[in-house]
Amino acid sequence: MEIRRAVRVSVPGGIHARPAAEIVKLSKAYNSELFLEHQGKSATTRSSFKLILLSLKEGADVTIRAIGEDADQAVEQIAGYLEARGEGAHPEPPTHAYTDTERSADIQNRAADPQRGDGAQDALAGGLTGVAGGSGAATGPAFHFRQPVLEAFPPLCTDMQGDIIAARSARHHVHEALCRQAASASGQGTAEVLNAIAELAEDVEWAARIEALIRENKSAGAAVLQAGAELADELRALDDAYARARSEDIASLTRLTALQLQGKRPLSLSDVPAGSVLIADEISAAEAGGADLTRLSGIVTRHGSASSHAAILARAAAVPAVFGVQDPAGRLPQATAIALDGDSGLVFPDPDELTRTAIQLRRQAAQAEADALKSWVAVAPRTADGISVTVAANLGSADEIAQAQAVGAMGVGLFRTEFLFMNRKDLPGEEEQVNIYKRLLLAFPDHPVIIRTLDIGADKPVRSISLAKEENPFLGLRGIRLCLTRPELFKPQLRALLRAAPYGNLHVMLPMVATTEEIEAAERLIDECQRELVAEGKEFSDFIMGIMVETPAAVFAAQALARKVRFFSIGTNDLTQYVMAADRLNPAVAHLCRGDQPAVLEAIRHVCAAARSAGIWVGLCGEAASHVALARQFVATGVTELSMSPSSILKMKSAIPSFTAS
Ligand code: PEP
Ligand code: MG
């Protein structure tokens with residue numbers, strides 16, 4: 001028997017990897033051969049890959065074809081999944097075997113012990129599991145962060161004057177909306193970006209090109225898309241970083257104007273109402289970096305993992321978060337309220353009273369723990385065998401200084417300078433950088449401040465620096481590799497660091513180092529900067545130079561590298577992904593991308609041994625540094641500095657006296 005049925009895809013976000021895998025799983029229960037057909041292409045439901053290649057967006061019309069004796073049931077099942085927003089494919093997790101009393105007892109136990117959430121218990125308690133992003137538990141109304149879909153436009157105009165007026169009005173609306181958003185944006189950088197795009201919306205060339213195309217009989221929408229694509233191409237072809245950055249603005253403007261013509265508006269994180277739990281497929285480092293995340297009660301994403309940069313920013317803002325949530329039955333898209341526990345990686349869509357109580361208890365327990373930890377603020381901890389361990393802060397902006405001081409951070413173990421470069425229309429100049437670095441040094445007069453040179457590329461794009469498209473950006477021109485090819489970018493930073501150095505105990509470290517030649521090349525540039533500063537009569541001094549150890553090459557070359565620098569700081573986020581060949585952003589391999597993998601621990605031991613024989617110290621600034629059980633092992637292998645988000649510092653200080661260093 002052969003059956004066909006036309007359906008519209010209602011699965012949020014369309015048929016990307018996870019729904020495709022779900023369809024494959026569902027169709028395996030039937031003997032029939034099943035196909036999805038769309039725009040002349042057909043894909044068997046036995047292959048996720050083929051389904052993904054169909055590129056079915058939410059709202060797409062698709063035909064299900066089934067051949068076999070159980071074709072009607074199979075079609076019914078797949079249609080149900082596609083039409084019902086991806087839900088109902090599986091029975092709900094088995095919450096029912098539990099009585100309320102048992103469940104309440106379990107809730108109380110789990111509330112009392114935040115480390116306890118394990119997979120089996122969680123399924124019983126009805127929670128979805130994901131990668132723990134930390135920062136405690138929360139409840140709040142759900143805010144579904146879904147960008148509107150841009151539909152196809154008719155190619156030709158039906159009423160030329162009408163289309164010209166529609167395009168003008170869309171441009172005007174976009175301009176007004178961007179100006180309003182810029183006025184209420186939380187960060188200076190975000191406001192600048194929005195204002196830059198607002199300006200372009202009123203640009204005469206932009207208007208003229210759109211109207212010329214409409215006069216050639218293109219519809220308003222088609223004209224906007226074509227004018228935008230042509231302008232962006234022309235800008236991209238120019239040999240000028242600023243102009244190339246504008247090509248991205250034109251691309252954003254084109255999308256905004258086209259959406260406006262369809263009466264739609266894209267979302268930004270500032271649209272998320274304060275106090276809500278954000279639910280998104282993913283948030284990029286750029287989106288998260290420009291937004292005031294502290295307004296949110298929680299963050300839940302379907303993709304991403306705990307060492308993505310969005311996750312790091314969420315932790316810095318102390319917002320409870322769970323990433324890469326598994327939601328096979330599609331419960332999240334329906335939820336109006338969410339409870340989540342960032343410490344155990346559990347998410348409860350539309351929580352019942354008992355779950356709310358449990359979350360509340362956990363919040364109270366966390367508050368009590370935080371109060372008890374306050375006595376550690378001024379303590380400089382030592383291990384049981386008397387070795388001092390520095391507990392420093394990872395910061396992404398000078399605005400986080402007060403938060404780090406409040407918890408008694410013993411200096412800065414990692415200042416990620418790339419965040420100074422993101423979410424703004426131009427690059428920070430030398431003077432601006434001097435002032436920021438000076439602020440950091442003056443804020444921690446008694447401790448080292450480790451500033452990392454620009455680490456962009458891969459998942460940290462900077463809009464005003466155009467990067468060539470790469471097949472494998474994580475293995476490409478990022479960190480020190482990029483800086484060495486762009487002295488016009490790197491030298492102002494090195495000059496600013498040299499000029500800030502007299503104000504404190506400045507340590508500078510280079511990211512993504514793989515060879516001794518990279519250190520030597522950076523040193524040559526530093527010498528050049530020093531000669532320039534002497535000639536200009538500007539005050540400066542030397543800083544202490546170190547490197548991040550985050551590539552397997554740096555591990556194996558640790559002995560040679562240790563002879564070139566004064567300290568190492570192990571970046572376990574990248575080191576783990578490169579040692580384990582497991583993408584730090586991909587929740588499907590989160591079990592491999594962990595700092596406690598034996599291969600990673602062995603790499604760290606090797607680095608510590610090399611550092612010891614060269615007489616230099618080793619710190620650790622990846623996310624693993626904030627996990628007490630892991631930190632215990634790192635300190636035992638010779639790490640003497642742990643740097644982490646300020647929210648983890650007090651707990652770590654209180655744990656160190658139970659560690660042994662040798
Ligand atoms: C790391 O890789 O561990 C690290 C600290 O650097 P980032 O997370 O900024 O890549
Ligand atoms: Mg790194």
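The crossing of helices H16 and H18 is right-handed in this predicted model. H16 spans residues 430-443, and H18 spans residues 487-500. Their axes come within 8 Å and cross at roughly 40°. That angle makes H16 oblique to H18.

Both helices contribute a run of side-by-side contacts. From H16 come Glu 430, Glu 431, Gln 433, Val 434, Tyr 437, Lys 438 and Leu 441. They meet Pro 492, Gln 493, Arg 495, Ala 496, Leu 497, Arg 499 and Ala 500 of H18. By class, the contact of H16 with H18 holds 7 nonpolar, 2 polar and 5 charged residues.

H22 covers residues 572-580, and H23 covers residues 598-614. They pack at an angle of about 120°, with their axes 9 Å apart. H22 and H23 are therefore oblique to each other. H22 passes H23 in a right-handed crossing. On the H22 side, the contact is made by Thr 572, Leu 575, Thr 576, Val 579 and Met 580. On the H23 side, Ala 599, Val 600, Ala 603 and Ile 604 take part. This contact has 7 nonpolar and 2 polar residues, and no charged ones.

H23 also packs against H24, which runs over residues 628-637. The angle here is about 30°, and the axes lie 9 Å apart. The crossing of H23 and H24 is right-handed. H23 supplies Leu 601, Ile 604, Arg 605, Cys 608 and Arg 612. H24 supplies Gln 633, Phe 634 and Thr 637. The residues of this contact divide into 4 nonpolar, 2 polar and 2 charged.

Ligand 1 is surrounded by 17 residues. The closest are Arg 416, Arg 452, Gly 571, Asn 573 and Arg 584. Oxygen atoms of the ligand make several polar approaches to the protein. An N or O atom in the side chain of Arg 584 lies 2.8 Å from an oxygen atom of ligand 1. For Asp 574, a polar side-chain atom is 2.9 Å from a ligand oxygen. Thr 572 uses its backbone instead: a polar backbone atom is 3.1 Å from an oxygen atom of ligand 1.

Conventions. Residues are numbered from 1 along each chain as its sequence is written. Chains are lettered from A and ligands numbered from 1 in the order in which they are written. This is a predicted model: local features need pLDDT of at least 70, side-chain atom pairs count only at pLDDT 80 or more; totals for chains, interfaces and linings use all residues. Side-chain values use heavy atoms; hydrogens and water are left out. Axes are lines fitted to C-alpha atoms, for helices over the stretch in contact, and angles run from 0 to 180 degrees between N-to-C directions. Helices (H or I, at least four residues) and strands (E, at least two) are DSSP runs, numbered from the N terminus. Angles under 35 degrees count as roughly parallel, over 145 as roughly antiparallel, 65 to 115 as roughly perpendicular and the rest as oblique. A crossing is left-handed if the near helix is turned anticlockwise from the far one by less than a right angle, and right-handed if clockwise. Contact means heavy atoms within 4.5 Å. Ala, Val, Leu, Ile, Met, Phe, Trp, Tyr, Cys and Pro count as nonpolar, Asp, Glu, Lys and Arg as charged, and the others, Gly among them, as polar. A residue is near a molecule or strand if one of its heavy atoms lies within 4 Å of it. A polar contact is a pair of N or O atoms within 3.5 Å; within protein, one must be able to donate a hydrogen and the other to accept it, and residues adjacent in sequence count only if both atoms are side-chain atoms.
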